[in-house]
Amino acid sequence: MAQPESKKIFFENLSGAGKAIAVLTSGGDAQGMNAAVRAVVRMGLYVGAKVYFIHEGYQGMVDGGENIVEASWESVSSMLQVGGTVIGSARCKEFRSHEGRLKAAHNLVQQGITNLCVIGGDGSLTGANLFREEWSGLLTELVEQGLIEADAVQKYSALHIVGMVGSIDNDFCGTDMTIGTDSALHRIIEVVDAIMTTAQSHQRTFVLEVMGRHCGYLALVSALACGADWVLIPEMPPEDGWEDKMCEKLSANRAGMKRLNIIIVAEGAIDRSNRPITTDYIKDLVVKCLGFDTRVTILGHVQRGGTPSAFDRILASRMGVEAVLALLETTANTPACVVSLCGNQSVRLPLMECVQMTQEVQRAMDGKRFEEAVRLRGRSFENNLRTYKLLAHRKPESELPVSNFNVAVLNVGAPAAGMNAAVRSAVRVGISEGHKMFAVNDGFEGFYKGQIKEIKWADVGGWTGQGGTLLGTKRTLPGKHVDKIAEQMRMHNINALLIIGGFEAFESLLQLYEARATHEDFCIPMCMLPATISNNVPGTDLSIGADTALNAIVETCDRIKQSASGTKRRVFIIETMGGYCGYLASVGGLAAGADAAYIYEEPFDIRDLQANVEHLTEKMKTSIQRGLVLRNENCNDNYTTDFIYQLYSEEGRGVFDSRKNVLGHMQQGGAPSPFDRNFGTKITAKAMQWVSKKLVETYRQGRVFANTEDSCCLLGMRRRALVFQPVVQLKDETDFVHRIPKEQWWLKLRPLMKILAKYKTSYDVSDSGQLMHVVRNRPKDSDASVAM
């Protein structure tokens, strides 16, 4: 995607006065749609526009009447955590006809609506674009029929359309993730994790069918996240004779002491002749060929249900706000656009370009051009498929390259969910590259004590779903033990080092780089992967483990808010972890619908606290019954959680009462989220390929010697790209006293949280406002979508 020129606008320059915006959800429902509706309504009201709900999708637009109602601020309260769509969705045959669209146009003109925000799939968005193109002709017809006045044609001359893609299948080209996909993955992985325990007990094979009639994204990513033995997707049917290969793989895994097998099938899976591959066919095949006890589980609509994940709430909220900004800036000549996600940024793309490329994928599949279909799905999909093949299917020893290199992997710092998935990926990719892999227990403390052993392919089986770190980890830094560590490296002939951890890992790598001056043993390729719930490592926008922690915070906040249901008005003060980094409090606050989030990076005083109390007091006088305030554990030495709780209790007396809760280490525990499993898996695979490349480049005269800055790197996600950055160059970007980066991208999201909580604030939209174009191939390094 072509990148826009940087510009600085604040949204106070944009006014919605006199404009009417309608929001509808169409097609299949998806978790997170309500968060998008909420964001559109509140942002629209915030800029002074009138906002309308259109109930029951296009059917409601055609029927009109009570289906089109004006929205208020309070009407979208308490819907952030609700799955599905509270304004309803329906498939409408009538809207496909000219007469149906004529009725819809009449109903919109009666309310003065000329701005539509459509949340749905490619069919819904294509219909919206056709409606837009016919708009002026429809108005002329309405005048001729005497249904509207002639001056209405001029007054409502153009219909403006902005789309957001709500689909659990993630089948829309142009966006890395659609609203609902991450939540559907949560449902799938919850089921798979549960099934794995019973399958292991009985040594069973399970065949799971997941949704995806035309797109195998859910099947592929869930297979990657749970380490499935086999996956079948419509974009890449298996080669002829796949049945024998699959049975050989299942049999080999059982021979390797694995007690279960998992096969994941997309509902639209086909073979090379376009014949469907069903779960029953696979079950019968396994029973007949192997005699394994085999069960089938079809997940069905459970994948659409449940509360939206933290990722989907944040994604939908950001897209909803961006959609309103796009409508405010649009002109009669602006093409209909769709708000998309690229890396961790919201972008705008021409709607029909995305639709046409999505349709191209299906044409390629129908024409049996499967390689093209995978390529058209995008770099994220390609990367998922490539990584799955690399990790799930071990090559025979005779086909492995012989590198004679030894690579050590270790965890450093506090545990984070997803670390085990990263270690598994490192071990298996390293073995595939021909290296001998060594695991170091208990971080650098274990390193200098000699707790190092070779780790094999089968040793890391089943690790992806395990929380914490199975290798063990300590906060010990290597600086005081470099002599002993160097001795262990010589003893085990370690040629490269992969460190997975948080800020301590970053500091450790800096110390090892500096130790090169006195110890040549550290003149080897060294790479660090950020893994910490605090997300406080410089050089990266995201860290392994942060998404799992966010989900823990959001789930707990949902329960806490629900505990006050039906009681008197109540405000909850919640303390989150993060050290001095306010990521969890801020982004968790956005996902949970918080009224305020206190963090170290944004200093506050007693006047700010008083303003927050007064703001909540005003809100509590309406129908809103609950308030939520998050506080980062180190945001202020004096304004502690107890102090804020006591202040709110006293100042809110007579209007609301207060409760406090310290979430503690529950944010660090639990099974990793699908996002963290896949982010950890794929970022590590990329790191190991970099290590292999550096080993070859630096191998001279019978040994590895790497002493340049670019041989000691941190691999991080920056905006839309995964970037290897020399750690020594990141020193200037780091506040070592408070253990945070000097600049943090997520601070731009804080005004968003405040706007949605009805505070007056400035919102920097410097990354918005320019339409990009869909391109078939992104620049080589622009694969930030590796995260999912």
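Which residues do ring pairs link into a cluster?

1. The cluster consists of Tyr58, Phe95, Phe131 and Trp135, joined by ring pairs. Note that this is a predicted model. Aromatic pairs in the structure number 17.

2. Take Phe503 and Phe736 among these pairs. Their ring centres lie 6.0 Å apart. The planes meet at 70 degrees, so the pair is edge-to-face; the cut-off for that class is over 60. Phe503 belongs to helix H17 (residues 503-515). Phe736 sits in the loop between strand S26 (734-735) and strand S27 (740-741). The two parts are 233 residues apart in sequence, so the pair ties them together.

3. Burial of this pair: Phe503 is buried, at 1% relative accessible area. Phe736 is partly exposed, with a relative accessibility of 32%.

4. Next, Tyr580 and Tyr600. Their ring centres are 5.3 Å apart. With the planes at 75 degrees, the pair is edge-to-face. Tyr580 lies in the loop between strand S18 (570-576) and helix H19 (583-592). Tyr600 is in the loop between strand S19 (596-598) and helix H20 (606-620). The pair links distant parts of the chain, 20 residues apart.

5. On accessibility, Tyr580 is partly exposed, with a relative accessible area of 27%. Tyr600 also counts as partly exposed, at 28%.

6. Charges over rings also deserve a look. Arg254 lies over the face of Phe292, 4.3 Å from the ring centre. Lys760 places its charged end over the ring of Tyr46, at 4.8 Å from the centre.

Methods: Residues numbered from 1 in each chain as written. Predicted model: local features only at pLDDT ≥ 70, side-chain atom pairs only at ≥ 80, totals over all residues. Heavy atoms only, no water. Phe/Tyr/Trp six-rings, centres within 6.5 Å; stacked < 30°, edge-to-face > 60°. Helix = DSSP H or I, 4+ residues; strand = E, 2+ residues; numbered from the N terminus. Buried < 20%, exposed > 50% of the residue type's maximum accessible area, 1.4 Å probe, protein only. Lys NZ or Arg CZ within 6 Å of the ring centre and 35° of its normal.
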